[in-house]
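Trainee: Let's go through this one together. I'll ask, you answer.

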Amino acid sequence: MQNKLFYNFLFLLLLKHRIKHISIFIISTLIVFILSSVVLLSNALQEEINTTLDSQADFVIQKMRAGKSVNTPLSWSDEFREIEGISQAQPRVYGQYFFKPNAEHFTIVGIDFFDEQKSKNLQKLITNLDMKKFLEKPNMLIGHGVKALLDKYYFFDYYVFKTPHQKKRKVNIYQIFPKESSLLSNDMIIMDIDLAREILGISEEQSTDIALYNPNELEAENIYVKLVLKHADIRVIQKSDIAKAYKRLFNYKGGLFLILYMIVLLTFMMILYQRYSMVQSSDKKEIGILRALGWSIKDVIILKVTESFMVAFGAFLLGFILAFFFVFVLDAPLLSNIFYGYANLPMDISLHRSIDFSLVSLLFLFYILPFMTAVLIPSWKASVIDPLEAMR
Amino acid sequence: MLKLLLSLALLSTLSFAQMFQTVPAQKAQLLQKGDAKMYCHACGMNLVKFYKTSHAYTKNGVTHQYCSLHCLVNENLHSDLIDAKVVDVSSLKFINAHDAYYVIGSSKPGTMTMNSKYAFASQKDAKAFVKANGGKIYNFHEAVKIATNDCAKNNKMIDKKRTMASKKGAMMLHKLCENKNIPEFHSFAKAKTYILAHGNCGTLKDKQAQAIAIYLVKKALPSQVNPIVAPKDAKCPVCGMFVSKYPKWIAKITTKEHKEHYFDGNGDLMQFYFKSKENLDKIFVTDYYNITAIPAKEAWYVIGSNIYGPMGDEIISFASKADAQRFNADHFGKKVLSFDEITEDIVETLR
Ligand SMILES: [Zn+2]
Ligand SMILES: [Zn+2]
C-alpha cells in the first residue's frame, strides 16, 4: 500500500465524516477537560498542602484557662528550649482587632521581621521590603479587604488603632499585599511584633502562642509527652495532628472524585461505542470497496484507527490545554469550591503551575485506551464481513 | 459585674507594665566605667533593664557589673567573689552581697536563668517577697553554689537563644546598618557599644543591638551547626545503600587523600573504621537531636535504645554527654559510650 494514497484517503475520510467527528471531538474535549481539571487541581492542592505543612511548626503551644486559650507567658519558651530535641522556640503574636465602624474583625499579625520566616509567602513579601524605612515609623502591610474597608471610612494613608487602654496609636499604611498572594488573606494586617503587642494588649512577657521546632521527628512523640507534663494548663498541637486533619479531608474528597471519574469514563465509553457501532451502510460500503480493492483487514483497521486517533488526540490536546488554563490561570472557579469550599481549615491557596508528566501520560492512557477500543471493535466487525455483502 | 470589669482592667494594665527587673534609668546605679558601662560585662545585656538582678564585682581594682548572678558566677568560676555587690530590690541600691538575703525560685522571672534569684538587704523584705511570690531564702554563699550548679543548664538554654538571636542579628546588620567594615569582637558589651556608636544603623532598639552584638561575637567562634550533606549518588561502602535518603543518620569519613566515604549509620561507620586500611583523617557523625555534624571523636554514643536506624539497631550519636544520658534514660538505652569505648565486639553484636 502506498503511503501517499493512505494519507490521501485518510484525509478524505476525515472530511467526509466531519459531522460525526466534530460531535465526537466536542464530547471528547469536554471529557478530557473535566478529567484533567480535576487531576491538575487535586495534584496542585496536594502539593500546596505539603508545602504548607512543611512550613508549619512541629508543635504549637497554647495556655488554656476555662477551656479557652489565653496569652502564653514568655518564660514558657525558655522552659521548652531546655527540652532536648527542640531547636527553636518562637513566641508568636497575633489576634483579632475589632473594627468598630463596620463591626468587623481584622486579623493583626505581629512579625519579627528579622526572624527566619517559615512561610514562603511571608518570605517573598519581606525580601522586597525596605526594612529600615518600614520599621522607622509605625507602619503596616494590609490586605485588599482591609484597604477597601478603611477607604470606606476615609482612612487612605493611615488608621488610628485604639489599644485596650484607650490609647490612640496611629499606624501608616505602608503597602497593600500584592493581589496574587492569596495566602495572606484579605482581612490581614501585618506589622512589627512590638507594635502588634501594643495594639492587641499583649505584654512583653507574653505571646499569643509558642511555635516549637524539632529537627528529628523520631523524637516528636517523646517531646510531646514532656511538653504535656510541663504544665497543667497547656495545650499542645502537633504538626501530625494538622497533617492528619488535612489528609482526612483530602482522602475523603479524593475518594469521592474517584467514583465520579469512573462514572464519567463509563458514560464516555458508552457514547463512543454507540456512535461508532452505528456503522452506517455508507461506512460498510467504504470498507467493502477498500477490501475489494485488495486492502487487507489489517490495513483497513489501521486506517480506521488512525482516523479516530487523530480525532482523539486532537481532543486530548485541546481539552488538556483548556484545563490547564482553567486551573492555573483562572484558579479553577466552581471546581475549587467543591474541593475546599466548605472546609473549616485555614487553607490558603495559591496554585503553582506544575505538571506531573507521569500523571499526564496516565491520564492520556486512561482516555485513549477506552476510546480506541470503542473504535476498534465496530470497525473490525465491519471489515471482516465479506466485501461483496458489504457493498450490497 | 462592674467590680469584675474594673479588676480585669487593672490586671491588664499591670500585665502591660514593663519587665519586673527594669527600673527607671535615673534610679539605676552604674558602678563600672567606660563606654560599655551600660551593659553586663559578660553578656552585654542592658543593666537598667535587668537592674533588680544586677551584681558587681571588683577584682584587682577593676569593677565589672553583671546583669545576673549567673553572669557573675559564669565569668568568675574559680574566684573568691569577696568584693561582690548586689542590688537590694527594695531600695535599688547596691549592697554587699555577703550580707544579702537571696530569694531563689520565686514566681518572678529570672535573668539568664529559669531559677530566679533576687536579693534583699533586710530579712523582713525578703520574707514579704517570699510570701507574695514564693521561693526560699538563702545567703550569698548558698546562692553562688546554686548558681554554679545551674550554670551548665543555663548556658545550654542561653546558647540556644543566642543561636537564634545571632541569625536575627546577621539579618539586622545586613538590612539596617550602613557600616559594612565592622571589626571582630570577643565581648558582647564592646560589640554592642561599637554598633550603637559606629554602626550607622539608625535608631536601634536595645534588643536589636544585642542581637547584632551576639552575631558579631558568635561569628568569630567556630560553629558546627550544619548537617552533613551526602551527594545524591553516594553509597554506603558497607551495605551499599544510598546515603542521602537518610539525613538523620549520615556519618562521614575523609581520608588523608581527600577521599570521602558516607555511611547510613554509625554502625556501618564503625565497621568500616575497624576494618579499613586507608589513612583516615576526619570523621563526622550526626547529632540525633539537632541533625548537625559533630566530630566523631568528641561525640557521645548510646547503644541498645528503642530508636532504630535504617539498618535496625544503631549506635546513636550526641554532641554532649548530658544529651546522651538524657536520651539513654528516655529511650531505654543500654549504655552511654565515648568514641574510644566503642569496640569491634560491640559493633559486631549490632549486626
Ligand atoms: Zn549578663
Ligand atoms: Zn550502610
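Trainee: Which residue is the bridge partner of B:Val103 in β7(B)?

Mentor: B:Ile137. This is a predicted model, where local features need pLDDT of at least 70, side-chain atom pairs count only at pLDDT 80 or more, and totals for chains, interfaces and linings use all residues. Residues are numbered from 1 along each chain as its sequence is written, chains are lettered from A and ligands numbered from 1 in the order in which they are written, and side-chain values use heavy atoms, without hydrogens or water.

Trainee: How many bridges join β5 of chain B to β7(B)?

Mentor: Three, and the two strands run antiparallel. Strands are DSSP E runs of at least two residues, helices H or I runs of at least four, both numbered from the N terminus. Two strands pair if DSSP finds at least two bridges between them.

Trainee: What's the strand order in that sheet?

Mentor: β6-β5-β7 of chain B, an open sheet with antiparallel pairing. β6 (117–120) and β7 (136–138) of chain B each have a single partner strand, so one side of each is left without a neighbour in the sheet. From one strand to the next, the twist averages 30°.

Trainee: Which helix lies across β5, β6 and β7 of chain B?

Mentor: Helix α3 of chain B, residues 123–133. The helix runs at about 10° to β5(B). Axes are lines fitted to C-alpha atoms, for helices over the stretch in contact (heavy atoms within 4.5 Å), and angles run from 0 to 180 degrees between N-to-C directions.

Trainee: Now the other sheet. What's the order with β12 of chain B?

Mentor: β13-β12-β14 of chain B, open and antiparallel. β13 (315–318) and β14 (335–338) of chain B are the edge strands, each with a single partner, so each has one side without a neighbour in the sheet. Neighbouring strands are turned by 30° against each other on average, direction ignored. Four bridges join β12 (300–303) to β14(B). One partner pair is B:Trp300 with B:Ser338.

Trainee: Which helices pack on this sheet?

Mentor: α7 of chain B (266–275) touches β12 and β13 of chain B, and its direction makes about 100° with that of β13(B). α8 of chain B (321–330) touches β12, β13 and β14 of chain B, at about 15° to β12(B).

Trainee: Switching topic. Is B:Lys252 buried or exposed?

Mentor: Buried, because its relative accessibility is 18%. Buried means under 20% relative accessible area, exposed over 50%, partly exposed in between (1.4 Å probe, protein chains only). B:Lys252 sits in strand β8 (251–255) of chain B.

Trainee: What does B:Lys252 touch?

Mentor: Leaving out residues up to four places away in sequence, its contacts include B:Ile228, B:Tyr262, B:Phe263 and B:Leu269.

Trainee: And B:His258, where is that?

Mentor: In the loop between β8 and β9 (260–263) of chain B. B:His258 is exposed, at 68% relative accessible area. Its phi is near 65°, positive in a residue other than glycine.

Trainee: How many aromatic pairs over all chains?

Mentor: 33. A:Tyr154 and A:Phe156 form an edge-to-face pair, 6.2 Å centre to centre with 75° between the planes. Rings of Phe, Tyr and Trp (its six-membered ring) pair if their centres lie within 6.5 Å; planes under 30 degrees apart count as stacked, over 60 as edge-to-face, the rest as tilted.

Trainee: Where does A:Tyr154 lie?

Mentor: In the loop between α6 (144–152) and β7 (158–162) of chain A. A:Tyr154 is exposed at 67% relative accessibility, while A:Phe156 is partly exposed at 44%. Phi of A:Tyr154 is near 60°, also positive.
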